[in-house]
Amino acid sequence: MSKTTSLMSGFLFLTLASVSTGAAAAEPFRFEDFFAGKSKAVGSFSAINGVKRKFTVDLTGKWDGRTLTLREDFVFDDGTRDTKTWRFVKTGPSTYSGTREDVIGETKVTLHGNVARFNYLVYLDSAKQANKVRFYDKMVLRSDGTVINTALVTKFGLPVAKTVVEFERAGGPAVKVSKR
């Protein structure tokens with residue numbers, strides 16, 4: 001093994017170890033803890049064709065002990081409004097099954113420490129069932145109690161857009177995250 005390869009392997013190991021340690025140090029992320037009640041978000045959508053949209057979202061979550069119903073009321077920078085409703089059924093200590101009116105089928109959500117990952121197919125024009133894309137979401141519960149969601153959007157397996165959304169609990173701090 002060359003010196004360069006050995007150094008790169010060591011760097012990769014240290015990088016992966018620090019990423020792993022960072023995720024383990026945070027309190028577990030549970031959708032029902034963060035999203036039950038009122039929360040709000042600001043976000044943006046940027047596509048490779050130059051389309052850019054900013055938006056705000058008011059969220060209302062109801063947890064019944066098994067299902068989180070999460071209503072999202074969007075207001076886009078051009079004044080357009082939209083409402084979507086997620087239904088996340090808890091299927092295990094760190095897994096959920098999610099559906100939404102514009103999502104094709106369901107998504108499987110997996111949480112590991114302070115990170116949630118899921119992907120799903122959606123029609124961007126749900127009324128016409130047109131422009132089908134896949135979202136790959138990664139939500140991270142941060143140490144300040146906010147959640148950042150970054151989503152890569154693909155069409156035919158190729159990246160076509162990116163969405164970034166930052167969530168916070170309405171009226172105060174969100175879930176407390178320990179800094180061990």
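**Entry 1**

I looked up Phe-29 and set aside its neighbours within four places in sequence; Phe-29 is then in contact with Phe-34, Phe-35, Leu-111, Gly-113, Asn-114, Val-115, Ala-116, Met-139, Leu-141 and Val-147. Contact here means heavy atoms within 4.5 Å.

The model is a predicted one, in which local features need pLDDT of at least 70 and side-chain atom pairs count only at pLDDT 80 or more, while totals for chains, interfaces and linings use all residues. Residues are numbered from 1 along each chain as its sequence is written, and side-chain values use heavy atoms, with hydrogens and water left out.

I then turned to the largest nonpolar core, which has 34 residues. Phe-29, Phe-31, Phe-35, Phe-88, Val-109, Met-139 and Phe-167 are those with the most contacts inside this core. A nonpolar core is a set of buried Ala, Val, Leu, Ile, Met, Phe, Trp, Tyr and Cys residues joined through side-chain atoms within 4.5 Å. Buried means under 20% relative accessible area, exposed over 50%, and partly exposed in between (1.4 Å probe, protein chains only).

**Entry 2: The chain as a whole**

I noted two helices and eleven strands in the chain, in the order α-α-β-β-β-β-β-β-β-β-β-β-β along the sequence. Helices (H or I, at least four residues) and strands (E, at least two) are DSSP runs numbered from the N terminus.

Of the 180 residues in the chain, 36% are buried. Among contacts between residues at least 6 apart in sequence, 34% join residues at least 24 apart. I recorded an accessible surface of about 10,700 Å², with 57% of it belonging to carbon and sulfur atoms. Accessible areas come from the Shrake-Rupley method with a 1.4 Å probe; for residues, only the protein chains shown count as cover.

**Entry 3: Aromatic rings**

I used this rule: rings of Phe, Tyr and Trp (its six-membered ring) pair if their centres lie within 6.5 Å, with planes under 30 degrees apart counted as stacked, over 60 as edge-to-face and the rest as tilted. The count comes to 17 aromatic pairs. Phe-35 and Phe-167 form an edge-to-face pair, 5.4 Å centre to centre with 85° between the planes. Phe-35 lies in helix α2 (residues 31-35) and Phe-167 in strand β11, so this pair ties together parts 132 residues apart in sequence. Phe-35 is buried at a relative accessible area of 1%, and Phe-167 is buried at 6%.

Trp-86 and Tyr-120 also pair edge-to-face, at 5.2 Å centre to centre and 80° between the planes. Trp-86 is in strand β4 (residues 81-92) and Tyr-120 in strand β8 (residues 115-125), so the pair ties together parts 34 residues apart in sequence. Both residues, Trp-86 and Tyr-120, are buried.

I found one aromatic cluster formed by Phe-29, Phe-31, Phe-34, Phe-35, Trp-86, Phe-88, Tyr-96, Phe-118, Tyr-120, Phe-135 and Phe-167.

**Entry 4: Val-133**

I located Val-133 in strand β9 (residues 130-141), where Val-133 is buried with a relative accessible area of 2%. Not counting residues up to four places away in sequence, Val-133 touches Tyr-120, Leu-121, Val-122, Leu-124, Val-153, Thr-154 and Lys-155. The C-alpha atoms of Val-133 and Tyr-123, ten residues apart along the chain, are separated by 6.4 Å.

**Entry 5: Phe-156**

I checked Phe-156, which has a positive phi of about 55° although it is not a glycine. Most residues other than glycine have a negative phi. Phe-156 is found in the loop between β10 (147-155) and β11 (158-169), and Phe-156 is exposed, with a relative accessible area of 79%.
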